Amino acid sequence: MSAQAEAVAAKHCGACSSCNTSELARLGIKVGGWDYMVALAGNPNTGKSTIFNALTGLRQHVGNWSGKTVRRAEGAFNYNSKKFKLVDLPGTYSLLSTSVDEEVARDFVLFARPDVTVVVTDATQLERNLCLAMQVLEITDRAVIALNLVDEARRNGLVIDERALSRDLGVPVVPMAARRGEGISDLLRVIENVAAGAYPTRPRRIKYADAALESAVESLAAQLVAAFNNLPNARWVALRLLEGDASIVRAVRDGTLGAFKQPDGVVNLVQLEAR
Amino acid sequence: MAATPAQILETAARLRARIGDDLHDRLTEAIYTDAEEIANRAVSRNGQARGVHLDQFFDRVLTSRIWGFPAMVLMMMIVFWLTIAGANVPSAMLADLLQGSVYDALHGVAQTVNAPWWLKGFLIDGVYLATAWVVSVMLPPMAIFFPLFTLLEDLGYLPRVAFNLDRLFKRAGAHGKQALTMMMGYGCNAAGVVSTRIIDSPRERLIAIITNNFSICNGRWPTLILIGTIFIGATAPPALASFIAATSVVAVAVLGLVFTLLVSAVLSRTWLKGEASSFSLELPPYRPPQLWRTLYTSVIDRTLIVLKRAVIMAAPAGAVIWLISNIYLGGDSIAGHLVHLLNPVGVLLGLNGVILVAYLVAIPANEIVVPTILMLTLNVARSGLAQTGVMLELKDDMQVHQVLTELGGWTLLTGVNLMLFSLLHNPCSTTIMTIWQETRSLKWTTIATLLPVVLGIAVCLITATIARLMIGLI
C-alpha cells in the first residue's frame, strides 16, 4: 500500500462509525514511560497477535496455527491521552507451567502485575477457553475477556450471550472479530475503564467447600506474606505449594518468589543429565 | 518473625499430607465444572452450522493416511512451480537494470570524477555489485514464494502438515510438536530454534534444536530455486523446465525432512535416549485468508526484511571479496590462494574451491552464497586470464549458467551437490548464537553446528563418487 493509500484508509477508518478508533495512536515499540501496562493472555490461535498488531501498529507474526508466539512481545499505544504498554504473551491452554511458554505467561500475569490482563478467548470453543480465563481470574482482579472470533461462531450457528458471561465472570466481556477490526474500539474503552478503576471488577473465584483446605491455604498464605513482602497473590501461591508445583517450590526455596524475572527459556540440561 | 523458605516448604508438605495428594486434580476439576456451567449458560445454538462439514471433508483428504503426503507434495510443487515460472522475467529485468544500466551509470560517474581505480573497484565492483546481485537473485522469487507460503499458513494448512508428520516423528522417538518448529524453521532457523520452547521435555527439545537446520530457511530457498532452475530445469525441454526445477527444489526439501527424521531417530536411540511424549495438537478451522493483507505483510515484512538483511550482509561481503581478490601475495590474489588451497577438497566433494570459500564468507548469512560464488568465480577466473579487465554482465539466469560452466567449470554434478550442500551445512552465525542462548551448552551448540556439515560432506562425497563411476555425468 502506498503512503497515500494508507493515509486515505486511515482517514476513512477513523471516520467510520463501526470502527471509531480515532483516539487511538499506535506507538509501535516505543514502550517507555507508560501509564498502564496491559497483558494479552489466551489459548493458542485465538487472535492475540492480531489484537496486539491492531493496537500497536506492530507486525508480530500472525498465522492460523498454535505455537507461533513463544516469547513475549511488547508494544505501546496512546488512548485518550494515556499511554499503554501492551505485552503479547505466548498462547497457552493453562497456567500450570509445564513448558517454557506457559511459564513465561504465568510469571508475567502473576509477578509483573499488569494493570489489566486481557484474556483473548475463542468464541467457537468457549468452554475450553474459559478454563484458562478462570485461572487468570484466580490470579488477578483486573481482567477483561476479549471474546474473539464471534464472526466464526456466528457462522457455526452459535449465539453467545456476552452479558450473561460477563455477569458470571465478574469482568467485562467484549465481543470481537479482530481480523476484521470489529470490537477494537470497544476493547480500548473497556481496557481504559478497568485500568483507571472506573469499571469495578469482581472476578469469579472458585469456591472450595472444604474447611481443611481453606484453613491450610490461610495459614500458608499468612506465612508467605510475612516472608515475601512483595507477593501479589499469596492465596494463589499457597494453593500451588499445596499442589506441589515444582517451579513455585523452586522459587520459594531460592527466595526469588515475587521478584519478576525474565525467563530465559534455556533448555533444562541439568534435568537431562540427571536422567 | 517471618518463616524461612525451608520452614514454609515444610509447612506446605505437612499440610499437603493432611489435605491429600489429589488437590491438583480436585482444583482442575472444579475449574472444568465451572467453565462448563458458565459456557452452557452463555452459549446457545441457532440453526445449522455451516462450514463445519466442508472443514471435515478437507481434513479427511489433507490428513488422510493415503492422501496426506501426496497432497503435501502437490501443494509444494504448485508453490515452487509458480515461484520459478513467475520469477524468471522480473529477475531478468532487475538484473538488466541493476547490473546493466545502473552499473554502467555508476562507472560513468566514477570516470567523470576521475576516481582512482581501487576506489572505483572497491565501491562499484565490490560493494555495489554484490548488493545488486543479491537483490536481483533474491527479490523476485521471494516476492512470489513468501505470499504463497503465508496464504497456506493463513488458511490453516500448516497444523495439518504437522499432524501428518506427527506419526513419523513419534516413530523417530521425537516430539510431534517438532513438526511445528520445523515449519518455523522454513522461515528462519533462528526463529525455529526459539520456537522449540513449545516442547516440554528437554530431550525432545534438544533433538528439535539440532535438527532445525534441516528445514530450509529464507536465506537458502533462493539459492535452491536459482540453481534448480539453471542446472536441473535447464536439462529438460523448455516446456517442462519450470516443472523439473520445482521438482528438484521439492526433492531437496523432502530430503531435509528425511534427514530430520533420521537424525532424530539416531539421537533418540543414542545420546538422547527416551520415549516420545504425547501431546494434543489443535487443528484450527480453515479460515479464508485475507488476501490483500497477506500480500502486503508478506511482501513488506518478510520479503523486505530478508532482503534488507541480505543487503546488509552483502555490502561488506562484497567489499571483502573485492579486497581479497585484488590484494596480491606472490603471484596470486588472496582469494586465488584460498580457492586453490580448497579446490582439491572441493573437487573431491563434487563442488569446487570457490564454493567452499563462498560458504566460509557466507557464515553470517546464507543469503549471500550465490552472489559470493559469482563474484569469486569471475574474479579468480579473471586473474587466471591475466587481468583481461572484461566485466561479464549477468543479465539473466542463463548467463549465470554460462559464467559458472565456462569460467567456473561447473557440471550438472556441481549444481546438484551445491543444492545438497545448501541443505546440509552449518547453520548461519545468528542461528548458532541462538542455539547457544537456548542451550547455554558448548557441547550441544558444537554438535548442532558441526553435525550438518559432516553430513553434507558425506552426502556430497557419495554423490560425487557415484557420478564419477557413471562417467557420462561429468
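The structure is a predicted model, in which local features need pLDDT of at least 70 and side-chain atom pairs count only at pLDDT 80 or more, whereas totals for chains, interfaces and linings use all residues. Residues are numbered from 1 along each chain as its sequence is written, and chains are lettered from A in the order in which they are written.

**Exercise 1.** Describe the side of chain A that touches chain B, and find which strands pair across the two chains.

*Solution.* Begin with the contacts, for which the C-beta atoms of two residues, placed from the backbone, must lie within 7 Å: 59 residues of chain A are in contact with 64 residues of chain B. Next, ask which element of chain A gives the most to this side; it is helix α8 (residues 211-227), with 8 residues. Helices (H or I, at least four residues) and strands (E, at least two) are DSSP runs, numbered from the N terminus. The residues of this side of chain A then divide into 32 nonpolar, 16 polar and 11 charged, where Ala, Val, Leu, Ile, Met, Phe, Trp, Tyr, Cys and Pro count as nonpolar, Asp, Glu, Lys and Arg as charged, and the others, Gly among them, as polar. Finally, strand β7 (residues 158-160) of chain A runs antiparallel to strand β1 (residues 43-45) of chain B, joined to it by 3 bridges, and pairing requires that DSSP finds at least two.

**Exercise 2.** Characterise the packing of helix α9 against helix α19 in chain B.

*Solution.* Two packed helices are described by the angle between their axes and the distance between the axes. The axes of α9 (residues 202-211) and α19 (residues 442-469) of chain B come within 9 Å and cross at roughly 40 degrees; axes are lines fitted to C-alpha atoms over the stretch in contact, with angles from 0 to 180 degrees between N-to-C directions. On the α9(B) side are L206(B), I209(B) and I210(B), which meet W444(B), I447(B), A448(B) and L451(B) in α19(B). The residues of this contact divide into 7 nonpolar, no polar and no charged.

**Exercise 3.** Decide why L147(A) counts as buried, and list what it touches.

*Solution.* L147(A) lies in strand β6 (residues 143-148) of chain A. L147(A) counts as buried because it has 27 C-beta neighbours inside 10 Å, and the cut-off is 20 or more other C-beta atoms within 10 Å. Not counting residues up to four places away in sequence, L147(A) touches T121(A), A123(A), I160(A), E162(A), V173(A), V174(A), P175(A) and M176(A).

Notes:
A residue is buried if 20 or more other C-beta atoms lie within 10 Å of its own, exposed if 12 or fewer, and partly exposed in between; C-beta atoms are placed from the backbone.
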